[in-house]
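Colleague: I'd like to learn how to read salt bridges and nonpolar cores in a model. Could you walk me through one?

Modeller: Happy to; let's bring it up.

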Amino acid sequence: MEFNGVYHKTTEQMSYALNQEDLIVNLKTGYDVNRVFLHYGDPFENGILGGAESWSGRREEIPFKKRLKNQIWWTTTLKPAFKRCKYYFELHTADEVWYYFENGFLTEEQLQMDGKILQFFTVPWMNPADVNVTPDWVNSTVWYQIFPDRFCREEQGERPEGISEWKSGPVTNAQRFGGNLNGIRSRLSYLADLGITGIYLNPIFEADSNHKYDTKDYQKIDPSFGSEADFSKLVQEAHGKGIRVMLDGVFNHCGPHFAPWLDVLEKGPDSRYYDWFMINEWPFDQKRFDTRDGKFYSFAFYAQMPKLNTNNDEVIEYIGDICCWWVEKFDVDGLRFDVGNEVSHKFLKRIRQRLKRIKPDIYLLGEIWHDASQWLLGDEYDSVMNYPLMESINDFFLDESLTKEDFEYMINRCYTMYMQQNNNVIFNLLDSHDTERLIHRVKDLDIFFQQLAVLFSMPGSPCIYYGTEIALDGAHDPDCRRCMPWDEIEKGTWKDRTDDIKKLIRLRCKEDCLHSLYFHFPNEISDPRCVEYIRLDDAGNRIEVLLNCGRRAIEIVEKGEVLYSRNFADGKLNEKGTLIRRI
């Protein structure tokens, strides 16, 4: 047996309580293992100590598995009657049987050896307070990300000085176009008609830039966007249309005109805020553009964005007060934490406790672009932005040497990194203000819709970036932040694209299968570039997704009900074709 391919640990995503009744147990093995049995039961079935060596437990085969590139992921759900569980694994290859315990592998003879002390895997108690609980409503939400300065401008008298004429096409970082909260509010009916049920707003706090990631005042709406009254109306009217609102919190760093930072620049170590920042040496050159000299830390070496010391109790209390104020005053539904992997775990734990006391179902989302397991244990974020899924989808369509099996491996990796409750509300996206736009990346409308079909049919909560419904173009920042071309939209120029997006959104909202965590890859079609997977729910409903990513038409056995298609006719799924059907 390939012993180095086997892995299990009673922590994190390998063994955890899904709720107060169900215990998820996962195991990785090599491909040589073809069957796995779990022996499990209560640790005290044979008494407190006496006779414990003869404990064996119930034996059940683990029925479910997912294929990874080099390993198999086995998973099962147990219901420990008394909230405790002791267990070990029985691993079968073609010609061997091994027993896997916490301290390694045993043969049958070693397992039965008189006097041997067996080191079982043990879940001592499933405390309700320790269960990772995420807000259920997020799974049913379709998000729409808005960059406020570029989405919509509601004119209010004479246009302020320095505001550019609204335009289509490329923009620069120096330009401001005057998009505002009332502009967003004026388009709520448009968003509701698309099927949007959640808005994710890029920062609206007062800041010097057009992107607002250089916060000046965390408790003030930027005047260019509007007032507190404007924001209150936006949230209230959005809620009235069944649309949740999530704010962007920039707590890793501030801007150059944040009052405590200005106090530090003036007074140095004598400032009461000196320890609010990560300053290593004083004085430092205040005119220096970057921080590569290490005299203080900043975001990405950018001196105009000094890092806040989120290890500092005063900073934690200050940001906690700010977050609670936004939630209590305006009833916002979620907070995205910018650069969510650089703030301290101590900071996040305390912020979460305060916010969940105020609003138990608030959604706390971390901006993390890599494996975020350590932030998703139930006491920090509810979930993260699923950039690994975006990157996996992109790589498959880009690299034609990858097969449907490679697609399966990549997708399965994304959904075996975290607990099920995190995957249930994971924030799926294909582009954002930090990436080139989807259509710019794929440069083909059919591939564009193939990738969107994946987005809307995967577990989690899908998000589209404003303008995706018309395939708005744009390279990397600042080009991905173009103005929304409302004149063209209102003329119906992009109606065909918008209609396709609406179909996918409505399909996502309507079909229970697409809200579940269950999917598998049957791989019945021989073409190596025809992706096929099935989504299913607890009631036995099944939806099949087929994507022809090869270079020839594929004969498809006609069955079930077609729910969405492109480039599919007469039983043929043509090149770059998409078919979603109920089976």
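Colleague: Does R150 count as buried or exposed?

Modeller: Keep in mind that this is a predicted model. R150 counts as buried, because its relative accessibility is 1%, under the 20% cut-off.

Colleague: Which residue does the side chain of R150 meet in a salt bridge?

Modeller: Side chains of opposite charge can pair when their charged atoms come close. Here the partner of R150 is D149, at 2.8 Å from N to O. D149 counts as buried too, at 6% relative accessibility.

Colleague: Which parts of the chain does the pair of K346 and D313 link?

Modeller: Their closest N and O atoms are 2.9 Å apart. K346 sits in helix α8 (residues 345-358) and D313 in helix α7, so distant parts of the chain are linked, 33 residues apart. K346 is partly exposed at 38% relative accessibility, and D313 is partly exposed at 40%.

Colleague: And what about R481 and D434?

Modeller: Their side chains form a salt bridge of 3.9 Å, N to O. R481 is in the loop between β20 and α14, and D434 in the loop between β19 and α12, so the pair ties together parts 47 residues apart in sequence. R481 is buried at 5% relative accessibility, whereas D434 is partly exposed at 29%.

Colleague: Now the cores: which residues touch the most other members of the largest one?

Modeller: In soluble globular proteins, nonpolar side chains tend to be buried together. The largest nonpolar core has 117 residues, and Y144, L191, F231 and L452 touch the most other members. Helix α7 gives the most to this core, with 9 residues.

Notes: Residues numbered from 1 in each chain as written. Predicted model: local features only at pLDDT ≥ 70, side-chain atom pairs only at ≥ 80, totals over all residues. Heavy atoms only, no water. Core = buried A, V, L, I, M, F, W, Y, C linked by side-chain atoms within 4.5 Å. Buried < 20%, exposed > 50% of the residue type's maximum accessible area, 1.4 Å probe, protein only. Helix = DSSP H or I, 4+ residues; strand = E, 2+ residues; numbered from the N terminus. Salt bridge = Lys/Arg side-chain N within 4 Å of Asp/Glu carboxyl O.
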